[in-house]
Amino acid sequence: MVRVIVDGTPVDVAPGSSALQACEAAGKEIPRFCYHERLSVAGNCRMCLVEVARAPKPVASCGFPVNEGMQIFTDTETVRKARRAVMEFLLINHPLDCPICDQGGECDLQDQAYGYGSGISRYHEEKRAVTDKNLGPLVKTVMTRCIQCTRCVRFSAEVAGTPELGGISRGENLEITTYVEKALTSELSGNLIDICPVGALTSKPSAFQARPWELRKTDAIDVMDAVGTNIQIQARGGEVKRIVPRVNDEVNEEWLSDKGRFSVDGLKRRRLDRPWVRVHGKLHPASWQDAFVAIAKRLEGVQGSRIGAIVGDLCDAESIMALRDLMWSLGSLNLDCRQDGAKYDLSDRSRYTFVSGIVGIDEADAILVVGANPRLDAPVLNARIRKRYLSLGRGGLPIGVIGTLSSDPTWAYEDLGSNPVSVNGLLSGNVEFVEKLKAAKKPMIIVGQEALTREDSGAILKACRALAESVGALTDGWNGLNILHTAASRVAALDLGFVPRNGGRSLRGMLSSGVDVLWLLGADEFSVNAISPETFVIYQGHHGDAGAARADVILPGSAYTEKSGTWVNTEGRIQRSFQAVFPPGEAKEDWKIIRAASEVLGAKLPYDTIEALRERLQLGVSSAAGETAEEPGVDTIQAKPLLASSRSYYLTNPISRSSPTMVECAEVYAPSVAVAAE
Amino acid sequence: MSTVTNVQPDHFEFDEISEGEIATILAKYPPERKASGALPLLYVAQNQMKRQTGSAWVPTVAMDAVARKLEVAPIRIYEVATFYFMFNTKPIGKYHLQVCTTTSCWLRGSDDVLSACKKATGIHNIGETSEDGLFTLSEVECLGACSNAPILQVDNDFFEDLDGPRTETLIEALKRGEYPEPGPTNGRHGAEPEGGRRVLLEETGSGQG
């Protein structure tokens, strides 16, 4: 540790720290624009000037390394004057259009001008104007407001791994642009809005919607992928206006995927806001009582084994458990949460989660990806892989890929073929990449859904486990065999045993007339046309999507922003989110709907409050532990290539499909993804 | 976008001459540092455009070709190409007239050179190309040959010690397809004093210091 003295207070900081970090450690606030903890240091805004003893002039603290015994002064007359001068220069070409700027109220420039500026301007000449750039459907630009801090340039090159932004021309004419007009191709582009310290980059879909101080803020968990990104839902009145990330270094650092951020406008479209009952082939609006009675009537005399339930990708653990308990008490074992037909090894929880944890990526020194598209499956997690890839330098992190990547993954990799038979090749030592895995201290294998949704998934998983054992990925201190999920509800459902066990039918078994009554809890991602026509379908969910169209009774539930729920992410992290707004119309919280139905069906659930329900909620262990997996499938790996999912990244669930922004993104980015894959 | 012209060609590939030059240039850098070759490669691209089209400029597709050679993102090359005035991002005339108007040249009459350029070529404003497509006029900062001010740089050559009439003569010669000898135009040798030597007139080695 190095001891430096900040304004007379000694602090110890790690060697190699910057003066700015030392000042922060001493509790001194240093104004800054270009400096960002998670980006490289640029040192071009000059706002962080401080005085250092024996230095001839103020120094930019962000890029000034500390020395033993260095004396830093953050509050001298020189520093104050320097900040005022820098502020004056920054404002020379800034339009001061705060009243019509969306950044107003959460603008670094505004705040720091107020805190450190001089309050007057001596500049009477003409200001420059910069043409706005079209960066696609998500990021709105007002480039005249730009102060050229280059945070966005560094973010897109370093974190997002899509170096498309740059500063062209020079001096007075410097502009931030893509040069050739094109939409940013990153799935993390929304974060540019957060890191932009001024109003140059703002949210296009929520432009002019609300002022930051009008928004009520609620902590929640993102459900658009299985990363469990910590988010803050910002609502005004009954409407969610926007979603921004919260900082959680162990999960998402401070990033959020575009789907998580921008699918909010899907929350107010195509909503199910009242119960519906199908009479003579047509859906009619009904009351809750009518809907429950219709269900009770149909269930009369139906054997438990002829009832089935499927949970979707966006469900909270509470409603999954309530539905499981209801099914159990009706005598049904036909439960399934795997709409995509994925197969997992449920004998131990570590076998169906991203067990090394997302932070485990920061330690991995060789990675094998099998049947996953991390960039699209989990953009934020992919940024973590890229961070590790960059921190180890060129060639420092060998990454092998078995499968088909549908776009540039943002890190260099060795293509080991699209055929999962390559796993056997690695095992037998025929594929050279295995040497790199063996040489690594903490090798990591990431198995994705494309490998798990095949006939031979069991065999692939087994081979991956054998490989992990042989390369030392499964030791006492390190478990590097990871499953990358894409559905936010999946791990919770697996924890709760929402799978066909003890002879229960799987999704496929239920579809082809295996059951007479099918309860869909937000399940829209399987082929609903395959449900046998005689089956009575109860759809409980929040959007009028595929499932609702096929339903005989619709029970309107609540979206993730409208209920307090528990979510388990791909690494098995249990997180709680809170209710931000109320569900629309007559829609209710999902566990309450199931609780109310249980009473009508004569199988009353033993909990009346969510607290009582949560007392029984057993997450964090596999409730199927010790049991063998059902449906062994094919026991050798088939020589069929692992294909990338054909669905668009932007349209993977009912909320995003209802979102005009996401639909536009899917249109704009459809061709460019193909180009990137060249 | 203001700096990109809309007459971009849709294809660019380095020809054999350029490939040879590129091999020589890239040999100077370690492979993992070859991004440093951005500037020389942009020159190669600009020279090739001059050879092929008669206009020395770098279209976007050529910047992309440079980026591919150096294995960097295209935007990194756009940044470099737009930063330096030596690279033309728009098509220019056959001859690029670059008038230095910095202090030394200005004191020695660069205004006359500039107006002579405009008069002889018919160009009205700096940055424009003459109607016959022969000349593009630019104003540049110090070219570092102040001892021979004022200077007009034509493509890569310095024409020095100019005044208005001699500039017009030079441009007329270029129009006729001639290419006069670069260097001082007033008859002096290199940067020697005007009107011959004034000091060190004695024979060397006379012994009297």
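A residue is buried if 20 or more other C-beta atoms lie within 10 Å of its own, and exposed if 12 or fewer do. Keep that rule in mind. This is a predicted model.

Let's start with Tyr179 of chain A. Is Tyr179(A) buried or exposed? Tyr179(A) has 25 C-beta neighbours inside 10 Å, so it counts as buried. Where does it sit? Tyr179(A) lies in the loop between strand E8 (175–177) and helix H5 (191–195) of chain A. Now look at its backbone. Phi of Tyr179(A) is near 70°. That is a positive value in a residue other than glycine. Why point it out? Because most residues other than glycine have a negative phi.

Now take Phe208(A). Phi of Phe208(A) is near 60°, again a positive value in a residue other than glycine. This residue is in the loop between strand E9 (201–203) and strand E10 (216–221) of chain A. Its surroundings come next. Phe208(A) has 10 C-beta neighbours inside 10 Å, so it counts as exposed.

One more residue in chain A: Leu397(A). It is found in the loop between helix H10 (379–391) and strand E18 (399–402). Leu397(A) has 24 C-beta neighbours inside 10 Å, so it counts as buried. Which residues does Leu397(A) touch, leaving aside those up to four places away in sequence? They are Asp365(A), Ile367(A), Arg388(A), Tyr389(A) and Leu392(A). Leu397(A) and Ala364(A) are 33 residues apart in sequence. In space, C-alpha to C-alpha, they are 8.2 Å apart.

Let's step back to the whole of chain A. The domain assignment gives domain 1 (2–92), domain 2 (124–268), domain 3 (276–343 + 493–616) and domain 4 (354–484). Notice that domain 3 is written as two stretches, 276–343 and 493–616. How far apart are the C-alpha centres of domain 1 and domain 4 of chain A? They lie 41 Å apart.

On to chain B. Its C-alpha trace spans about 65 × 50 × 30 Å along its principal axes. Chain B has 209 residues, and 31% of them count as buried. It holds seven helices and five strands. From the N terminus on, the order is α-α-α-α-β-α-α-β-β-β-α-β. The domain assignment divides chain B into domain 1 (16–83) and domain 2 (95–184). Their C-alpha centres lie 28 Å apart. Now the contacts. Take those in chain B between residues at least 6 apart in sequence. Of these, 60% join residues at least 24 apart.

Next, two helix pairs in chain B. First up are helix H2 (residues 38–53) and helix H3 (residues 60–70). Their axes come within 10 Å and cross at roughly 140°. H2(B) and H3(B) are therefore oblique to each other. H2(B) passes H3(B) in a right-handed crossing. Which residues meet? From H2(B) come Ala38(B), Leu41(B), Leu42(B), Ala45(B) and Met49(B). From H3(B) come Ala62(B), Ala65(B), Val66(B), Lys69(B) and Leu70(B). By class, this contact has nine nonpolar residues, no polar and one charged.

The other pair is helix H6 (residues 110–121) and helix H7 (residues 164–175). They pack at an angle of about 35°, with their axes 8 Å apart. The crossing of H6(B) and H7(B) is right-handed. On the H6(B) side, the residues include Val113(B), Ala116(B) and Ala120(B). On the H7(B) side, they include Gly164(B), Thr167(B) and Ile171(B). The contact has five nonpolar, four polar and four charged residues.

Here is a backbone point in chain B. Most peptide bonds are trans. The bond from Ala149(B) to Pro150(B) is cis, with omega near -5°. Pro150(B) lies in the loop between strand E2 (135–140) and strand E3 (152–154) of chain B.

Last, where the chains meet. How many residues does each chain give to the contact? Twelve come from chain B and 15 from chain A. On the side of chain B, helix H4 (residues 74–83) gives the most, with six residues. By class, the side of chain B that touches chain A has five nonpolar, four polar and three charged residues.

Key
Residues are numbered from 1 along each chain as its sequence is written. Chains are lettered from A and ligands numbered from 1 in the order in which they are written. This is a predicted model: local features need pLDDT of at least 70, side-chain atom pairs count only at pLDDT 80 or more; totals for chains, interfaces and linings use all residues. Domain bounds come from an automatic or database domain assignment. Two residues are in contact if their C-beta atoms, placed from the backbone, lie within 7 Å. Helices (H or I, at least four residues) and strands (E, at least two) are DSSP runs, numbered from the N terminus. Ala, Val, Leu, Ile, Met, Phe, Trp, Tyr, Cys and Pro count as nonpolar, Asp, Glu, Lys and Arg as charged, and the others, Gly among them, as polar. Axes are lines fitted to C-alpha atoms, for helices over the stretch in contact, and angles run from 0 to 180 degrees between N-to-C directions. Angles under 35 degrees count as roughly parallel, over 145 as roughly antiparallel, 65 to 115 as roughly perpendicular and the rest as oblique. A crossing is left-handed if the near helix is turned anticlockwise from the far one by less than a right angle, and right-handed if clockwise.
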